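Colleague: I would like a close look at one part of this model, followed by its surroundings. Please give the cut-offs as you go.

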Amino acid sequence: MYAILDIETTGGSPKSSRITEIAIFIHDGNAVTEEFSTLINPEVNIPFFITNLTGINNEMVENAPKFYEIARKIVELTDGRIIVGHNVNFDYGFIQSEFKHLG
């Protein structure tokens, strides 16, 4: 089983930026069996440059769940699965950083 994931962020460094969107697709090798996607309130301002790049603005994430509200779902979907992504080191670094913020 594979967890195919993609994120959008407020910038390029997990040390100073946060996740604004996440999508996870569970694939059994033949087909997608489950999917989850949501905007995330990063609790920081989204820079204009990033809004132009991703199309995600501050108003869109204002009422979105915060990372801690969806963290359990992310664990459930990725636990024991091979994580696949376009730039997986970037995405995984941000996810690790978000979990560090949670302690």
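Where does His 27 lie?

Modeller: His 27 belongs to strand β2, residues 19-27. The model is predicted, so local features need pLDDT of at least 70 and side-chain atom pairs count only at pLDDT 80 or more, whereas totals for chains, interfaces and linings use all residues. Numbering starts from 1 along each chain as its sequence is written, and side-chain values use heavy atoms, with hydrogens and water left out. Strands are DSSP runs of E with at least two residues, helices are runs of H or I with at least four, and both are numbered from the N terminus.

A polar atom of the His 27 side chain lies 2.9 Å from the backbone nitrogen of Gly 29. Beyond four places in sequence, His 27 has contacts (heavy atoms within 4.5 Å) with Met 1, Tyr 2, Ile 4, Val 32 and Thr 33.

A nonpolar core is a set of buried Ala, Val, Leu, Ile, Met, Phe, Trp, Tyr and Cys residues joined through side-chain atoms within 4.5 Å. Buried means under 20% relative accessible area, exposed over 50%, and partly exposed in between, with a 1.4 Å probe and protein chains only. This core has 16 residues, and Ile 19, Ile 22 and Ile 24 have the most contacts inside it. Helix α3 gives the largest share, five residues. A separate core of five residues includes Ile 46, Ile 50, Ile 56 and Val 61. In soluble globular proteins, nonpolar side chains tend to be buried together.

Ile 7, in strand β1, is buried at a relative accessible area of 5%. Its contacts beyond four places include Ile 19, Ile 22, Phe 90 and Phe 94. Between the C-alpha atoms of Ile 7 and Asp 91 the distance is 6.1 Å, although 84 residues separate them in sequence.

Ile 7 and Asp 91 both line the largest pocket, along with residues including Glu 8, Ile 50, His 86 and Phe 90. On a 1 Å grid over the protein atoms alone, a pocket is an open set of points where a 1.4 Å probe fits, with protein on both sides within 12 Å along at least five of seven lines; lining residues have an atom within 4 Å of a point. The largest pocket holds about 170 Å³ of space. Strand β1 gives the most to its lining, four residues. The lining divides into four nonpolar, four polar and three charged residues.

Arg 18 sits in the loop between β1 and β2 and is buried, with a relative accessible area of 18%. Its side chain makes a polar contact of 2.8 Å with that of Glu 98. Arg 18 also touches Glu 43, among other residues. Glu 43 is in the loop between β3 (32-39) and α1 and is partly exposed at 47%. Glu 43 has a positive phi of about 65 degrees without being a glycine. Most residues other than glycine have a negative phi.

Key:
Polar contact = N/O pair within 3.5 Å; in protein donor to acceptor, adjacent residues only side chain to side chain. Points joined across faces, edges and corners; volume = space filled by probe spheres on them. Nonpolar A, V, L, I, M, F, W, Y, C, P; charged D, E, K, R; others polar.
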